[in-house]
Amino acid sequence: MIYIPGIGHLPLSSLQGLPGILGGAGGTRAPQQPKVETDKEWDAFANLPFATQQTLTEIIETLRDEKRTSLTVLVLGKGGVGKSSTVNSILNERAATTLAFQPDTARPTMFSRTIDGFSLNFIDTPGPLDGDNVSEVKLEQIAKATKGKDIDVVLFLERLDIYAVDALDHRMLQGITRVLGAGIWTNAVLGLTRASANAPPPGIDFTEHVVDRVNQLRSAIRQAGGYLPQDCPVALIENSSRCPTNDDGEKLVTNILYALNGADDEEDDKENDEAESITPEIAWVVELMERVAEVALNNAPFDHDPVAAAKAANPDKKNRWVIPVAIAAQLVFKMFLNAIIDRDARCNDLKNPSIEEKLRAMKEARKEKKREKEMMVSRRRKKSSSSRRR
Ligand SMILES: Nc1nc2c(ncn2[C@@H]2O[C@H](COP(=O)(O)OP(=O)(O)O)[C@@H](O)[C@H]2O)c(=O)[nH]1
Ligand SMILES: [Mg+2]
(Lines give C-alpha, C1' and ligand atoms only; values in the text may rest on other atoms or scores of the structure.)
(Ligands and ions follow the chains in the order given, each with its own letter.)
Protein backbone atom coordinates (compact mmCIF):
# COMPACT_ATOMS: atom_id res chain seq x y z
CA MET A 1 0.00 0.00 0.00
CA ILE A 2 1.11 3.49 -0.67
CA TYR A 3 -0.58 6.64 0.65
CA ILE A 4 -0.89 9.46 -1.87
CA PRO A 5 -2.32 12.68 -0.42
CA GLY A 6 -5.55 13.49 -2.13
CA ILE A 7 -6.01 9.94 -3.41
CA GLY A 8 -5.71 7.75 -0.34
CA HIS A 9 -4.25 4.26 -0.01
CA LEU A 10 -3.45 2.58 -3.28
CA PRO A 11 -2.22 -0.98 -3.71
CA LEU A 12 1.30 -1.09 -5.08
CA SER A 13 0.07 -3.31 -7.89
CA SER A 14 -2.00 -0.43 -9.22
CA LEU A 15 1.15 1.65 -9.69
CA GLN A 16 2.84 -0.72 -12.08
CA GLY A 17 3.96 0.92 -15.24
CA LEU A 18 4.94 4.10 -13.37
CA PRO A 19 8.70 3.50 -13.12
CA GLY A 20 10.49 5.96 -10.92
CA ILE A 21 7.64 6.52 -8.44
CA LEU A 22 8.77 3.66 -6.26
CA GLY A 23 12.38 3.48 -7.34
CA GLY A 24 12.39 1.31 -10.41
CA ALA A 25 9.76 -0.59 -12.27
CA GLY A 26 7.14 -1.66 -9.77
CA GLY A 27 9.13 -0.60 -6.66
CA THR A 28 11.40 -2.49 -4.33
CA ARG A 29 8.58 -3.92 -2.20
CA ALA A 30 6.69 -5.31 -5.21
CA PRO A 31 5.20 -8.68 -4.29
CA GLN A 32 6.43 -11.85 -5.92
CA GLN A 33 4.57 -13.12 -8.94
CA PRO A 34 1.88 -15.65 -7.97
CA LYS A 35 2.63 -19.21 -8.96
CA VAL A 36 0.30 -20.67 -11.57
CA GLU A 37 0.19 -24.38 -12.07
CA THR A 38 -0.66 -25.00 -15.70
CA ASP A 39 -3.85 -26.89 -16.55
CA LYS A 40 -3.44 -30.54 -15.64
CA GLU A 41 -5.91 -33.33 -16.31
CA TRP A 42 -7.70 -34.09 -13.03
CA ASP A 43 -6.49 -37.68 -12.74
CA ALA A 44 -7.24 -37.91 -8.99
CA PHE A 45 -10.95 -37.43 -9.76
CA ALA A 46 -11.17 -41.11 -10.64
CA ASN A 47 -9.99 -42.02 -7.11
CA LEU A 48 -12.68 -39.98 -5.33
CA PRO A 49 -15.52 -41.95 -3.68
CA PHE A 50 -18.03 -42.92 -6.40
CA ALA A 51 -20.90 -40.89 -4.87
CA THR A 52 -18.64 -37.81 -4.79
CA GLN A 53 -17.71 -38.31 -8.47
CA GLN A 54 -21.40 -38.51 -9.38
CA THR A 55 -22.36 -35.32 -7.53
CA LEU A 56 -19.34 -33.39 -8.84
CA THR A 57 -20.19 -34.50 -12.40
CA GLU A 58 -23.76 -33.22 -11.91
CA ILE A 59 -22.44 -29.89 -10.54
CA ILE A 60 -20.09 -29.48 -13.52
CA GLU A 61 -22.91 -30.33 -15.95
CA THR A 62 -25.14 -27.68 -14.33
CA LEU A 63 -22.35 -25.12 -14.74
CA ARG A 64 -21.82 -26.17 -18.36
CA ASP A 65 -25.57 -25.78 -19.01
CA GLU A 66 -25.09 -22.15 -17.95
CA LYS A 67 -22.24 -21.81 -20.49
CA ARG A 68 -19.55 -21.91 -17.83
CA THR A 69 -16.32 -23.61 -18.86
CA SER A 70 -14.47 -23.02 -15.62
CA LEU A 71 -14.96 -22.53 -11.89
CA THR A 72 -12.38 -20.44 -10.04
CA VAL A 73 -12.31 -20.34 -6.24
CA LEU A 74 -10.12 -17.93 -4.25
CA VAL A 75 -9.32 -19.46 -0.84
CA LEU A 76 -8.75 -16.91 1.95
CA GLY A 77 -8.19 -17.07 5.70
CA LYS A 78 -5.50 -16.86 8.38
CA GLY A 79 -2.45 -19.11 8.25
CA GLY A 80 -3.11 -22.56 9.67
CA VAL A 81 -6.90 -22.53 9.29
CA GLY A 82 -6.69 -25.30 6.69
CA LYS A 83 -6.78 -23.53 3.28
CA SER A 84 -4.20 -25.76 1.60
CA SER A 85 -5.60 -28.89 3.29
CA THR A 86 -9.11 -28.06 2.01
CA VAL A 87 -7.83 -27.59 -1.57
CA ASN A 88 -6.06 -30.96 -1.28
CA SER A 89 -9.18 -32.65 0.14
CA ILE A 90 -11.31 -31.45 -2.80
CA LEU A 91 -8.71 -32.22 -5.47
CA ASN A 92 -8.00 -35.53 -3.73
CA GLU A 93 -4.24 -35.08 -4.04
CA ARG A 94 -1.37 -33.46 -2.20
CA ALA A 95 -1.29 -30.47 -4.55
CA ALA A 96 -0.73 -27.69 -1.98
CA THR A 97 1.86 -27.82 0.79
CA THR A 98 0.29 -27.94 4.24
CA LEU A 99 2.18 -26.58 7.21
CA ALA A 100 1.68 -27.93 10.70
CA PHE A 101 4.04 -25.90 12.85
CA GLN A 102 5.87 -23.54 10.49
CA PRO A 103 4.75 -20.01 9.76
CA ASP A 104 2.59 -19.75 6.68
CA THR A 105 4.97 -18.25 4.09
CA ALA A 106 3.76 -19.77 0.83
CA ARG A 107 2.86 -17.34 -1.94
CA PRO A 108 -0.49 -17.53 -3.75
CA THR A 109 -0.67 -20.51 -6.08
CA MET A 110 -3.38 -21.41 -8.55
CA PHE A 111 -4.05 -25.14 -8.89
CA SER A 112 -5.85 -25.89 -12.15
CA ARG A 113 -7.37 -29.25 -13.02
CA THR A 114 -9.35 -30.02 -16.17
CA ILE A 115 -12.00 -32.64 -16.57
CA ASP A 116 -13.65 -33.15 -19.98
CA GLY A 117 -12.56 -29.65 -20.98
CA PHE A 118 -13.98 -28.07 -17.80
CA SER A 119 -11.40 -26.20 -15.74
CA LEU A 120 -11.54 -26.28 -11.93
CA ASN A 121 -9.20 -23.69 -10.38
CA PHE A 122 -8.31 -23.09 -6.74
CA ILE A 123 -6.17 -20.08 -5.79
CA ASP A 124 -4.54 -21.07 -2.49
CA THR A 125 -3.20 -18.05 -0.58
CA PRO A 126 -0.96 -17.30 2.41
CA GLY A 127 -2.71 -15.96 5.52
CA PRO A 128 -2.48 -12.16 5.26
CA LEU A 129 -0.85 -11.71 8.67
CA ASP A 130 2.70 -11.18 9.79
CA GLY A 131 2.87 -11.98 13.50
CA ASP A 132 0.42 -9.63 15.17
CA ASN A 133 0.08 -7.37 12.15
CA VAL A 134 -1.81 -7.41 8.90
CA SER A 135 0.74 -7.92 6.12
CA GLU A 136 0.29 -5.41 3.31
CA VAL A 137 2.84 -7.37 1.24
CA LYS A 138 0.78 -10.58 1.50
CA LEU A 139 -2.43 -8.69 0.77
CA GLU A 140 -0.69 -7.30 -2.32
CA GLN A 141 0.38 -10.79 -3.34
CA ILE A 142 -3.21 -11.98 -3.04
CA ALA A 143 -4.52 -8.97 -4.99
CA LYS A 144 -1.95 -9.66 -7.69
CA ALA A 145 -2.95 -13.32 -7.87
CA THR A 146 -6.56 -12.33 -8.54
CA LYS A 147 -5.73 -9.66 -11.13
CA GLY A 148 -7.18 -10.36 -14.56
CA LYS A 149 -8.98 -13.50 -13.35
CA ASP A 150 -12.69 -13.97 -13.03
CA ILE A 151 -13.13 -15.21 -9.46
CA ASP A 152 -16.42 -17.09 -9.19
CA VAL A 153 -16.28 -17.76 -5.45
CA VAL A 154 -14.31 -16.57 -2.43
CA LEU A 155 -14.01 -19.41 0.06
CA PHE A 156 -13.25 -17.77 3.40
CA LEU A 157 -12.09 -20.27 5.99
CA GLU A 158 -11.99 -20.12 9.78
CA ARG A 159 -11.55 -22.78 12.42
CA LEU A 160 -14.70 -23.99 14.13
CA ASP A 161 -12.77 -24.90 17.28
CA ILE A 162 -11.86 -21.26 17.98
CA TYR A 163 -14.43 -19.40 19.98
CA ALA A 164 -14.17 -15.71 19.16
CA VAL A 165 -13.31 -13.14 16.52
CA ASP A 166 -10.48 -11.06 18.00
CA ALA A 167 -9.10 -7.60 17.22
CA LEU A 168 -6.53 -9.03 14.78
CA ASP A 169 -9.28 -10.92 12.91
CA HIS A 170 -11.17 -7.64 12.54
CA ARG A 171 -8.07 -5.88 11.19
CA MET A 172 -7.41 -8.75 8.77
CA LEU A 173 -11.00 -8.59 7.46
CA GLN A 174 -10.66 -4.82 7.06
CA GLY A 175 -7.38 -5.34 5.16
CA ILE A 176 -8.91 -7.94 2.82
CA THR A 177 -11.93 -5.70 2.17
CA ARG A 178 -9.75 -2.65 1.57
CA VAL A 179 -7.40 -4.36 -0.86
CA LEU A 180 -9.74 -6.74 -2.70
CA GLY A 181 -12.88 -4.60 -2.44
CA ALA A 182 -16.13 -4.86 -0.48
CA GLY A 183 -17.69 -6.68 -3.45
CA ILE A 184 -15.67 -9.88 -3.04
CA TRP A 185 -17.89 -10.83 -0.12
CA THR A 186 -20.92 -11.01 -2.41
CA ASN A 187 -19.35 -14.17 -3.83
CA ALA A 188 -18.38 -15.63 -0.46
CA VAL A 189 -18.86 -19.07 1.01
CA LEU A 190 -17.85 -19.35 4.68
CA GLY A 191 -16.10 -22.60 5.53
CA LEU A 192 -15.47 -23.80 9.09
CA THR A 193 -12.61 -26.28 9.34
CA ARG A 194 -11.81 -28.74 12.14
CA ALA A 195 -15.57 -29.33 12.31
CA SER A 196 -15.34 -32.56 14.26
CA ALA A 197 -17.86 -33.19 17.02
CA ASN A 198 -15.42 -31.99 19.71
CA ALA A 199 -15.05 -28.49 18.20
CA PRO A 200 -17.36 -26.68 20.72
CA PRO A 201 -16.26 -25.94 24.29
CA PRO A 202 -17.44 -28.62 26.77
CA GLY A 203 -21.13 -28.32 27.66
CA ILE A 204 -22.07 -26.28 24.57
CA ASP A 205 -24.42 -27.78 22.00
CA PHE A 206 -22.73 -28.36 18.61
CA THR A 207 -25.37 -26.60 16.48
CA GLU A 208 -25.52 -23.67 18.93
CA HIS A 209 -21.75 -23.29 18.68
CA VAL A 210 -21.80 -23.37 14.85
CA VAL A 211 -24.60 -20.79 14.66
CA ASP A 212 -22.77 -18.57 17.15
CA ARG A 213 -19.48 -18.81 15.24
CA VAL A 214 -21.18 -18.12 11.90
CA ASN A 215 -22.98 -15.07 13.33
CA GLN A 216 -19.69 -13.74 14.75
CA LEU A 217 -17.98 -14.09 11.37
CA ARG A 218 -20.83 -12.66 9.36
CA SER A 219 -21.07 -9.56 11.56
CA ALA A 220 -17.26 -9.10 11.59
CA ILE A 221 -17.20 -9.17 7.76
CA ARG A 222 -20.04 -6.66 7.61
CA GLN A 223 -18.30 -4.45 10.20
CA ALA A 224 -15.24 -4.50 7.94
CA GLY A 225 -17.46 -3.05 5.18
CA GLY A 226 -17.89 -6.30 3.24
CA TYR A 227 -21.06 -6.70 1.17
CA LEU A 228 -21.94 -10.08 2.64
CA PRO A 229 -25.38 -11.35 1.63
CA GLN A 230 -27.80 -12.15 4.47
CA ASP A 231 -27.98 -15.79 3.40
CA CYS A 232 -24.27 -16.23 2.68
CA PRO A 233 -23.75 -20.00 2.50
CA VAL A 234 -21.80 -21.86 5.17
CA ALA A 235 -20.11 -25.26 4.99
CA LEU A 236 -18.45 -27.43 7.60
CA ILE A 237 -15.10 -28.99 6.69
CA GLU A 238 -13.04 -31.72 8.33
CA ASN A 239 -9.72 -32.43 6.62
CA SER A 240 -8.39 -34.80 9.25
CA SER A 241 -7.78 -38.41 8.17
CA ARG A 242 -9.66 -39.35 11.36
CA CYS A 243 -12.87 -37.81 9.97
CA PRO A 244 -15.67 -40.43 10.00
CA THR A 245 -16.76 -41.66 6.56
CA ASN A 246 -19.87 -43.29 5.04
CA ASP A 247 -19.88 -46.64 3.24
CA ASP A 248 -18.69 -44.92 0.05
CA GLY A 249 -15.67 -43.51 1.90
CA GLU A 250 -16.99 -39.91 1.83
CA LYS A 251 -15.90 -37.80 4.83
CA LEU A 252 -18.88 -36.83 7.00
CA VAL A 253 -19.71 -33.78 9.11
CA THR A 254 -22.80 -32.82 11.11
CA ASN A 255 -25.60 -31.50 8.91
CA ILE A 256 -26.11 -27.89 10.03
CA LEU A 257 -27.84 -26.67 6.88
CA TYR A 258 -31.28 -26.42 8.48
CA ALA A 259 -30.05 -24.82 11.68
CA LEU A 260 -28.26 -22.13 9.69
CA ASN A 261 -31.15 -21.39 7.39
CA GLY A 262 -33.09 -20.39 10.51
CA ALA A 263 -36.42 -21.91 11.55
CA ASP A 264 -38.96 -19.11 11.92
CA ASP A 265 -42.14 -21.00 12.75
CA GLU A 266 -43.23 -24.33 14.09
CA GLU A 267 -43.82 -25.75 10.63
CA ASP A 268 -40.23 -24.99 9.69
CA ASP A 269 -39.05 -26.48 12.99
CA LYS A 270 -40.95 -29.67 12.22
CA GLU A 271 -39.54 -29.81 8.69
CA ASN A 272 -36.06 -29.17 9.98
CA ASP A 273 -36.33 -31.82 12.67
CA GLU A 274 -37.51 -34.28 10.05
CA ALA A 275 -34.73 -33.30 7.66
CA GLU A 276 -32.10 -33.49 10.37
CA SER A 277 -33.37 -36.81 11.54
CA ILE A 278 -33.10 -38.11 7.98
CA THR A 279 -29.61 -36.75 7.31
CA PRO A 280 -27.84 -35.98 10.59
CA GLU A 281 -24.51 -36.15 8.77
CA ILE A 282 -23.50 -35.14 5.27
CA ALA A 283 -20.54 -35.68 2.96
CA TRP A 284 -18.77 -32.33 3.25
CA VAL A 285 -16.81 -32.24 -0.05
CA VAL A 286 -19.94 -32.45 -2.21
CA GLU A 287 -21.91 -30.25 0.20
CA LEU A 288 -19.20 -27.56 0.01
CA MET A 289 -18.95 -27.83 -3.80
CA GLU A 290 -22.75 -27.50 -4.08
CA ARG A 291 -22.62 -24.25 -2.07
CA VAL A 292 -19.70 -23.06 -4.22
CA ALA A 293 -21.59 -23.83 -7.47
CA GLU A 294 -24.70 -22.07 -6.09
CA VAL A 295 -22.76 -18.86 -5.48
CA ALA A 296 -21.02 -19.13 -8.88
CA LEU A 297 -24.36 -19.51 -10.66
CA ASN A 298 -26.16 -16.77 -8.74
CA ASN A 299 -23.48 -14.07 -8.97
CA ALA A 300 -21.37 -12.50 -11.69
CA PRO A 301 -17.70 -13.43 -11.31
CA PHE A 302 -15.66 -11.01 -9.28
CA ASP A 303 -13.09 -9.16 -11.39
CA HIS A 304 -10.63 -7.40 -9.14
CA ASP A 305 -9.83 -3.75 -9.85
CA PRO A 306 -7.32 -2.58 -7.22
CA VAL A 307 -7.86 1.17 -7.69
CA ALA A 308 -11.66 0.87 -7.62
CA ALA A 309 -11.36 -1.43 -4.62
CA ALA A 310 -9.23 1.10 -2.74
CA LYS A 311 -11.74 3.83 -3.50
CA ALA A 312 -14.75 1.65 -2.66
CA ALA A 313 -13.19 0.76 0.67
CA ASN A 314 -12.49 4.44 1.43
CA PRO A 315 -15.63 6.30 0.34
CA ASP A 316 -14.43 9.38 2.24
CA LYS A 317 -11.39 9.48 0.02
CA LYS A 318 -13.24 9.49 -3.29
CA ASN A 319 -12.15 12.45 -5.47
CA ARG A 320 -9.70 13.57 -2.78
CA TRP A 321 -7.53 15.07 -5.56
CA VAL A 322 -10.09 17.91 -5.63
CA ILE A 323 -9.04 19.07 -2.14
CA PRO A 324 -5.59 20.61 -2.98
CA VAL A 325 -7.01 22.09 -6.18
CA ALA A 326 -9.90 23.63 -4.20
CA ILE A 327 -7.49 25.01 -1.54
CA ALA A 328 -5.25 26.55 -4.25
CA ALA A 329 -8.32 28.05 -5.96
CA GLN A 330 -9.49 29.48 -2.62
CA LEU A 331 -6.05 31.06 -2.00
CA VAL A 332 -5.97 32.66 -5.46
CA PHE A 333 -9.54 33.92 -4.97
CA LYS A 334 -8.64 35.31 -1.53
CA MET A 335 -5.59 37.14 -2.97
CA PHE A 336 -7.78 38.53 -5.73
CA LEU A 337 -10.39 39.68 -3.20
CA ASN A 338 -7.71 41.27 -0.96
CA ALA A 339 -6.35 43.19 -3.94
CA ILE A 340 -9.83 44.51 -4.74
CA ILE A 341 -10.49 45.42 -1.09
CA ASP A 342 -7.13 47.26 -0.85
CA ARG A 343 -7.81 49.24 -4.00
CA ASP A 344 -11.30 50.14 -2.82
CA ALA A 345 -9.94 51.13 0.54
CA ARG A 346 -7.44 53.46 -1.13
CA CYS A 347 -10.19 55.05 -3.25
CA ASN A 348 -12.45 55.39 -0.24
CA ASP A 349 -9.56 56.94 1.72
CA LEU A 350 -9.41 59.72 -0.86
CA LYS A 351 -13.18 60.18 -0.90
CA ASN A 352 -13.86 59.71 2.79
CA PRO A 353 -10.97 60.91 4.95
CA SER A 354 -10.81 59.44 8.37
CA ILE A 355 -11.74 61.49 11.50
CA GLU A 356 -8.06 61.90 12.45
CA GLU A 357 -7.32 63.32 9.02
CA LYS A 358 -10.32 65.65 9.27
CA LEU A 359 -9.12 66.89 12.68
CA ARG A 360 -5.58 67.30 11.32
CA ALA A 361 -6.94 69.29 8.35
CA MET A 362 -9.08 71.47 10.64
CA LYS A 363 -6.06 72.11 12.89
CA GLU A 364 -3.98 73.06 9.83
CA ALA A 365 -6.76 75.37 8.67
CA ARG A 366 -6.96 76.98 12.11
CA LYS A 367 -3.16 77.45 12.16
CA GLU A 368 -3.28 78.99 8.69
CA LYS A 369 -6.02 81.41 9.77
CA LYS A 370 -4.03 82.34 12.88
CA ARG A 371 -0.93 82.96 10.73
CA GLU A 372 -2.96 85.13 8.34
CA LYS A 373 -4.46 87.06 11.31
CA GLU A 374 -1.01 87.64 12.81
CA MET A 375 0.31 88.85 9.47
CA MET A 376 -2.65 91.24 9.10
CA VAL A 377 -2.09 92.56 12.63
CA SER A 378 1.62 93.10 11.99
CA ARG A 379 0.86 94.76 8.62
CA ARG A 380 -1.63 97.10 10.36
CA ARG A 381 0.89 97.93 13.06
CA LYS A 382 3.58 98.75 10.50
CA LYS A 383 1.10 100.96 8.59
CA SER A 384 0.02 102.99 11.67
CA SER A 385 3.63 103.51 12.90
CA SER A 386 4.74 104.83 9.46
CA SER A 387 1.77 107.31 9.32
CA ARG A 388 2.58 108.46 12.86
CA ARG A 389 6.22 109.13 11.78
CA ARG A 390 4.93 111.15 8.87
N1 LIG B 1 -7.92 -31.74 12.64
C2 LIG B 1 -7.85 -30.98 11.56
N3 LIG B 1 -6.65 -30.46 11.18
C4 LIG B 1 -6.61 -29.68 10.07
C5 LIG B 1 -7.76 -29.38 9.32
N6 LIG B 1 -7.39 -28.58 8.29
C7 LIG B 1 -6.07 -28.40 8.40
N8 LIG B 1 -5.58 -29.04 9.47
C9 LIG B 1 -4.19 -29.05 9.92
O10 LIG B 1 -3.82 -27.71 10.23
C11 LIG B 1 -2.49 -27.45 9.83
C12 LIG B 1 -2.46 -26.27 8.88
O13 LIG B 1 -3.17 -26.60 7.73
P14 LIG B 1 -2.91 -25.88 6.34
O15 LIG B 1 -3.81 -26.50 5.36
O16 LIG B 1 -1.46 -25.83 5.99
O17 LIG B 1 -3.40 -24.40 6.70
P18 LIG B 1 -3.26 -23.09 5.81
O19 LIG B 1 -2.11 -22.31 6.37
O20 LIG B 1 -4.53 -22.33 6.03
O21 LIG B 1 -3.05 -23.46 4.40
C22 LIG B 1 -1.98 -28.74 9.19
O23 LIG B 1 -1.25 -29.44 10.17
C24 LIG B 1 -3.23 -29.50 8.83
O25 LIG B 1 -3.04 -30.89 8.87
C26 LIG B 1 -9.02 -29.97 9.74
O27 LIG B 1 -10.07 -29.75 9.14
N28 LIG B 1 -8.99 -30.75 10.87
MG1 LIG C 1 -1.43 -23.03 3.13
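This is a predicted model: local features need pLDDT of at least 70, side-chain atom pairs count only at pLDDT 80 or more; totals for chains, interfaces and linings use all residues.

Visitor: What is its phi like?
Guide: Positive, near 55 degrees, and Arg-194 is not a glycine. Most residues other than glycine have a negative phi.

Visitor: Which other spot has a positive phi without being a glycine?
Guide: Asp-116 does, at about 45 degrees. Asp-116 sits in the loop between strand S6 (109-115) and strand S7 (118-124).

Visitor: Is Asp-116 buried or exposed?
Guide: Exposed, because Asp-116 has 11 C-beta neighbours inside 10 Å and 12 or fewer counts as exposed.

Visitor: Back to S12. How many of its residues are buried?
Guide: Six of its six, so S12 is mostly covered. Ala-188, Leu-190 and Leu-192 point one way, Val-189, Gly-191 and Thr-193 point the other way, and all are buried.

Visitor: Which strand pairs with S12?
Guide: S11 does, in the parallel sense, over six bridges. One of the bridges joins Arg-159 to Thr-193 in S12.

Visitor: And what else does S11 pair with?
Guide: S5, again in the parallel sense, over four bridges. S11 covers residues 153-159, and Leu-155 in S11 stands opposite Val-75.

Visitor: Tell me about S5 then. How many of its residues are buried?
Guide: Six of seven; S5 is residues 70-76 and is mostly covered. S5 also pairs with S7 in the parallel sense, over six bridges, and the bridge partner of Val-73 in S7 is Phe-122.

Visitor: What does Val-75 touch?
Guide: Leaving out residues up to four places away in sequence, Val-75 touches Lys-83, Thr-86, Val-87, Phe-122, Ile-123, Asp-124, Thr-125, Leu-155 and Leu-157. Val-75 is also among the residues with the most contacts inside the largest nonpolar core.

Visitor: How many residues are in that core?
Guide: The largest nonpolar core has 68 residues. Besides Val-75, those with the most contacts inside it are Val-154, Leu-155, Leu-236, Trp-284, Met-289 and Val-292.

Visitor: Which element gives the most to it?
Guide: Helix H8, residues 284-298, with nine residues.

Visitor: New topic: the ligand. Which residues are closest to ligand 1?
Guide: Gly-82, Lys-83, Ser-84, Ser-85 and Ala-100, out of 19 residues that surround it. Helix H2, residues 83-91, supplies the largest share of that shell, three residues.

Visitor: How does the shell divide into nonpolar, polar and charged?
Guide: Four nonpolar, eleven polar and four charged.

Visitor: What about Glu-93, where is that?
Guide: Glu-93 is in the loop between H2 and S6. Glu-93 is partly exposed, because 17 other C-beta atoms lie within 10 Å. Apart from residues up to four places away in sequence, Glu-93 touches Ala-44 and Asn-88. The C-alpha atoms of Glu-93 and Trp-42 are separated by 9.7 Å, with the two residues 51 apart along the chain.

Visitor: How about helix H4, what span should it have?
Guide: Its 14 residues, 167-180, should span 20 Å at 1.5 Å a residue, and the end C-alpha atoms are 20 Å apart, which agrees.

Visitor: Which residues of H4 are buried?
Guide: Met-172, Leu-173, Gly-175, Ile-176, Thr-177, Arg-178, Val-179 and Leu-180. H4 is followed by Gly-181, whose phi is positive, near 105 degrees.

Visitor: Last one, the whole protein. How many helices and strands?
Guide: Eleven helices and 16 strands. The protein has 390 residues, and 32% of them count as buried. Among contacts with a separation of 6 or more, 78% are between residues 24 or more positions apart.

Notes. Residues are numbered from 1 along each chain as its sequence is written. Chains are lettered from A and ligands numbered from 1 in the order in which they are written. Helices (H or I, at least four residues) and strands (E, at least two) are DSSP runs, numbered from the N terminus. A residue is buried if 20 or more other C-beta atoms lie within 10 Å of its own, exposed if 12 or fewer, and partly exposed in between; C-beta atoms are placed from the backbone. A nonpolar core is a set of buried Ala, Val, Leu, Ile, Met, Phe, Trp, Tyr and Cys residues joined through C-beta atoms within 7 Å. Two residues are in contact if their C-beta atoms, placed from the backbone, lie within 7 Å. A residue is near a molecule or strand if its C-beta atom, placed from the backbone, lies within 6 Å of it. Ala, Val, Leu, Ile, Met, Phe, Trp, Tyr, Cys and Pro count as nonpolar, Asp, Glu, Lys and Arg as charged, and the others, Gly among them, as polar. The expected span of a helix is 1.5 Å times one less than its number of residues. Two strands pair if DSSP finds at least two bridges between them.
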